[in-house]
Amino acid sequence: MAAKQTTNSPATFPTVCNLCGKADTSFITKQNSFKVVQCNLCGFVYVNPRPKPTAMKDFYIDYHRNRIGDPHMWKPYMQKIFTKSANLLERLYPQKGRLLDIGCGYGFFMEEATKRGWQAEGIDLSDDCVSFTKERGQKVTLALPEDIKEKNSFDAITMFYVLEHLPDPLSTLRTVKKLLKPGGVLLLRVPHTTPIVKLLKPMKIKNKLFDPPFHLCDFSPNTIAKMLKKAGFTHSRTMIGGGTAPPRFAPRLTSALSTTTAELLYRLSRKRYLMPGVSKTTVAKKAS
Ligand SMILES: [Zn+2]
């Protein structure tokens, strides 16, 4: 899949750090012909230069189908994360209410949330995902968060593996905050690839773990906390939050081992140690 995009060599443009606005970086690696850099001032990791937004749209036409061909397979792939996230939301916001899943994919988290009593709805940029989810009776729209005009309307907003795909995550988080009711909860899930890439670099092990240009940035617990604060959120907290179960055996085993280790270390450290390199769940609040 990546080969198709790199041979097209889409037009790129340089960008500044989305977190601090500066352009002082150190080179980390080059993957799929895109450079990944780290801001020397705030530590944010991002792709620079990056493809123009017009080129980006084409990348996503077959995105989900290219990752996992059968949409139904996304449910077991994400189920542990969805269950833990739904449990967490119930603890943080027991009264429930309206929930918006941004980048809802095939709608399996909305299904879980609906089952638990939320009025769930979703948005996504993929026609394929939107029609699949609609056919299953879910309320879903082909839209960006910026297209939603209902301010102070949602009790909870979820974004599973979305933020790292966005060209301006800080601006999107500010929009998301406007959509939430005062006291509403945001739940995010993002990968954290940088520590693994840095570990593999001296060994000269080639990898495409950053997955550019699909992923345009990579969050650490520290940079996600800083960005949420800058976007106006309070009470942000990051945890391991489960792991994925890929369909193929070897990646599934790797995921199970790393998640189990990460969860164990997190518990043993009394929720202080967040193992680098594994995806994490972050929650934050909009002040009442
Ligand atoms: Zn920065």
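Six bridges tie strand β10 (residues 180–190) to strand β13, and the two run antiparallel. Strands here are DSSP runs of E with at least two residues, helices are runs of H or I with at least four residues, and both are numbered from the N terminus. Two strands count as paired if DSSP finds at least two bridges between them. This is a predicted model, in which local features need pLDDT of at least 70, side-chain atom pairs count only at pLDDT 80 or more, and totals for chains, interfaces and linings use all residues. Residues are numbered from 1 along each chain as its sequence is written.

**Around strand β13**

Let us stay with β13 for a moment. Opposite its alanine 284 stands leucine 186. Strand β12 (residues 234–239) also joins β13, through four bridges, and this pair runs antiparallel too. There, methionine 239 has threonine 281 of β13 as its bridge partner.

How many of the six residues of β13 (residues 280–285) are buried? Six of the six are, so the strand is largely enclosed by the rest of the structure. Here a residue is buried if 20 or more other C-beta atoms lie within 10 Å of its own, exposed if 12 or fewer do, and partly exposed in between, with C-beta atoms placed from the backbone. In a regular strand the side chains alternate between the two faces of the sheet. In β13 both faces are covered: Lys280, Thr282 and Ala284 are buried on one side, and Thr281, Val283 and Lys285 are buried on the other.

**The whole protein**

Now step back. The protein has 10 helices and 13 strands. A compact globule of 288 residues would have a radius of gyration near 19 Å, and the value for this protein, 18 Å, agrees. That radius is taken over C-alpha atoms, and the globule rule is 2.2 Å times the number of residues to the power 0.38. Along the principal axes, the C-alpha atoms fill a box of roughly 50 × 45 × 40 Å. Of the 288 residues, 39% count as buried.

Two residues are in contact if their C-beta atoms, placed from the backbone, lie within 7 Å. Among contacts with a separation of 6 or more, 69% involve residues 24 or more positions apart.

In soluble globular proteins, nonpolar side chains tend to be buried together. The largest nonpolar core here has 61 residues, and Tyr46, Ile157 and Leu186 have the most contacts inside it. Strand β10 gives the largest share of this core, six residues. A nonpolar core means a set of buried Ala, Val, Leu, Ile, Met, Phe, Trp, Tyr and Cys residues joined through C-beta atoms within 7 Å.

Which residues does tyrosine 46 touch, leaving aside its neighbours within four places in sequence? Its contacts are Cys17, Asn18, Val37, Leu216 and Cys217.

An open sheet of four strands has the order β2-β3-β4-β11, with antiparallel pairing. Its edge strands, β2 (25–31) and β11 (217–218), each pair on one side only. Two bridges link β4 (residues 45–47) to β11, and in one of these strands, β11, aspartate 218 is the bridge partner of valine 45.

In α6 (127–135), the buried residues include Cys129, Val130, Phe132 and Thr133. Seen down the axis of α6, its buried residues fall within an arc of 165 degrees, so they line one face of the helix. The arc is that of the directions from the helix axis to the C-beta atoms. On the face turned away from that side sit the exposed residues Asp127, Ser131 and Glu135. What covers the buried residues of α6 includes α3 (63–67), β7 (119–124) and β8.

Helix α9 (residues 221–230) has Thr223, Ile224, Met227 and Leu228 as its buried residues. They cover an arc of only 135 degrees around the axis, which puts them on the same side of α9. They pack against α7 (169–179), β10, β12 and β13.

Helix α10 (residues 249–268) has 20 residues and should span 28 Å at 1.5 Å a residue; its end C-alpha atoms are 28 Å apart, which agrees. The expected span is 1.5 Å times one less than the number of residues.

| Helix | Residue after it | Phi |
|---|---|---|
| α6 | glycine 137 | positive, near 85 degrees |
| α9 | glycine 232 | positive, about 100 degrees |
| α10 | arginine 270 | positive, about 55 degrees |

Is glycine 137 buried or exposed? Glycine 137 is exposed, with 10 other C-beta atoms within 10 Å.
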